[in-house]
Amino acid sequence: MSRIFSGIQPSGELHIGNYLGAVKNWVALQDQFESFFCVVNYHAIIAPYAREELERRTHEMAVGLLASGLDPARCTIFVQSQVPEHTELAWIFNTVTPLGELERQTQYKDKASRQEQVMAGLLNYPVLQAADILLYRADIVPVGEDQVQHLELSRVVARNWNSRFSPATPYFPEPQPRLTATRRIVGLDGQAKMSKSIGNTVGLLETPEQIWDKLRGAVTDPTRQRKTDAGEPERCATIYQLHRAFSPAETVAEVEENCRGAKWGCIDCKKSLHQHMVAELTPIRERAAELASAPSQVTALLDAGAQKARAVAQETIGAVKDLMGLPRAV
Ligand code: TRP
C-alpha cells in the first residue's frame, strides 16, 4: 500500500479554508493509504512566537483534526517535535540540497523580502519539509497548489541523496503532490484566499449563529445590485464556491437557476448555504467540544501517534545512517 504524508502548521483553530482545502481530503484518504498526518510545530517556530500560544495552538490544531474525522485507529496523527528524527534527517538533507534551489523558492523570496533579518530556518524550511515526507518514504503528499514547489524540492533532495548513497536501488521514492479538488478557498471578502491573517475566514468550530453572521456580510456577485437583477454564480467567488463544497448537487443546480433567474436574492442563497454548512459542521463542533473537555486524552492520543510514527522514523534513519557510514544512535 502506498504511503501518504501531509503536514499542517499549528495555527490554532482550523477554518473552513483549511478544512475544505486539506483536512477533508485527508479524512477520505486515510482509508485508501497508510497515512501520516503531522502538526508541524518545528516549521511554526521559524516566526517569532509566544510559548503558551504555540502550545495552545498545537493542541487546538490536533483537536480540530481529530474532530474533523482523522481517526488514530486508521491513520497516524502526531506532533513533529515529538519525533526527533525529523530534524536529524533534515540536517542530513541539508548536505545534499543545493543552495540555489532554496534561494529560488517563491515562498522564501516572498517572506525574506519582507524581513529585515532573515533567519537560516526560513531558507531551510523546505529541507525540513522534505525530511518530514521522506522519513516515512511517502510517495503521495496531499497538499494545496501553494506547496507544489516545495514538493519539487523534495524530489530533488530524494534524487540527490539516492544518487550518492543508493544509486543501484533508490532508497527514497520521489514524492508526488496530490492536489485537492477545492484548491483555493476564497475568503468572505470575495477576493483573497481564506486566511487567518487576513481575517476573512469562517472558523470550523463556530456556532450556527456565528456562521450566519459571517455569511450575511460576505461579498457576493459585485455586479448584482438589486434582488431583481440577474446574478452570475461564477462571479460570486465565496458563496457559490461554498455551496459547491457543502451543498448537494441538486441545491447547487437550484442556486445557479435561481441566481441567474433573479428568483433568489443573495440572502435566500446564503440561508440555503447556512443550512448545509451547519449540517456538516455541527457534528465536528460537538466532537471538538468533547475533545477539548478532555485535554489529557488528546495528549495521550498524540503521544501514541508519535510512538507509532517514531517506529517508522527510526527504521529510516537507521538505514540512512548505514548507507552513509554514520554509526546509528545507541
Ligand atoms: N509547508 C506546509 C504548509 O505550509 C506544511 C508542511 C510541512 C507540509 N511539512 C509538510 C505539508 C510535509 C506536506 C508535507 O502548508
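Helices here are DSSP runs of H or I of at least four residues, and strands are runs of E of at least two, numbered from the N terminus. With that naming settled, here are my notes on this structure, which is a predicted model.

1. **Two loop residues with positive phi.** A262 sits in the loop between α11 and α12. The phi of A262 is positive, about 55 degrees, although A262 is not a glycine. With a relative accessible area of 22%, A262 is partly exposed. R137 is also worth a look: its phi is near 45 degrees, a positive value in a residue other than glycine. R137 belongs to the loop between α7 and β4 (140–143), and a relative accessibility of 32% makes R137 partly exposed.

2. **Domain layout.** The domain assignment of the protein chain gives domain 1 (3–184 + 295–324) and domain 2 (208–289). To the contact between them, domain 1 brings 10 residues and domain 2 brings 10 residues. The C-alpha centres of domain 1 and domain 2 are 34 Å apart.

3. **The largest nonpolar core.** As general background, nonpolar side chains tend to be buried together in soluble globular proteins. The largest nonpolar core in this model has 51 residues, and those touching the most other members are I16, L65, L215, L242, F246, M277 and L281. Each of domain 1 (3–184 + 295–324) and domain 2 (208–289) gives at least three residues to this core. A separate core has 42 residues, including L122, I133, A309 and V312.

4. **L65 and its partners.** Which residues does L65 contact, leaving aside neighbours within four places in sequence? The partners of L65 are I8, L14, V23, W26, V39, L70 and I77.

5. **N18 in α1.** N18 is found in helix α1 (residues 16–29). Is N18 buried or exposed? With a relative accessible area of 19%, N18 falls under the 20% cut-off, so N18 counts as buried. Not counting residues up to four places away in sequence, N18 touches I8 and V23.

6. **The enclosed helix α10.** For α10 (239–246), 7 of the 8 residues are buried, so this helix is largely enclosed by the rest of the structure. The buried residues of α10 are I239, Y240, Q241, L242, H243, A245 and F246. The elements covering them include α1, α9 (208–216), α11 and α12. Two of these buried residues, L242 and F246, are also among the residues of the largest nonpolar core that touch the most other members.

7. **The cavity.** How many cavities of 30 Å³ or more does a search of the whole structure find? The search returns 1. The largest cavity has a volume of about 90 Å³. Its lining is made of T220, D221, R224, P233, C236, I239, Y240, V255, C259, C266 and C269. At least two lining residues come from each of α10 (239–246), α11 (249–260) and α12 (266–292). I239 and Y240 tie this cavity to the previous point, as they are in its lining and also buried residues of α10.

8. **Cysteines.** A search of the whole structure finds 0 disulfides. C75 is in no disulfide, and the nearest cysteine sulfur, in C38, is 12 Å away. C75 is buried, at 2% relative accessibility. Among the residues lining the largest cavity, C236 and C266 deserve a check. C236 is itself buried, at 9% relative accessibility.

9. **The second largest pocket.** If you plan to look at open sites too, the second largest pocket has a volume of about 180 Å³. Helices α4 (85–94) and α7 (120–134) are the elements giving two or more residues to the lining of this pocket. The lining residues are Y42, I45, I46, T87, A90, W91, N94, G121, N124, Y125 and L128.

Conventions
Residues are numbered from 1 along each chain as its sequence is written. This is a predicted model: local features need pLDDT of at least 70, side-chain atom pairs count only at pLDDT 80 or more; totals for chains, interfaces and linings use all residues. Side-chain values use heavy atoms; hydrogens and water are left out. A nonpolar core is a set of buried Ala, Val, Leu, Ile, Met, Phe, Trp, Tyr and Cys residues joined through side-chain atoms within 4.5 Å. Buried means under 20% relative accessible area, exposed over 50%, partly exposed in between (1.4 Å probe, protein chains only). Domain bounds come from an automatic or database domain assignment. Contact means heavy atoms within 4.5 Å. A disulfide is a pair of cysteine sulfur atoms within 2.5 Å. On a 1 Å grid over the protein atoms alone, a cavity is a set of points where a 1.4 Å probe fits but cannot get out, and a pocket is an open set with protein on both sides within 12 Å along at least five of seven lines; lining residues have an atom within 4 Å of a point. Grid points are joined across faces, edges and corners, and a volume is the space filled by probe spheres set on the points.
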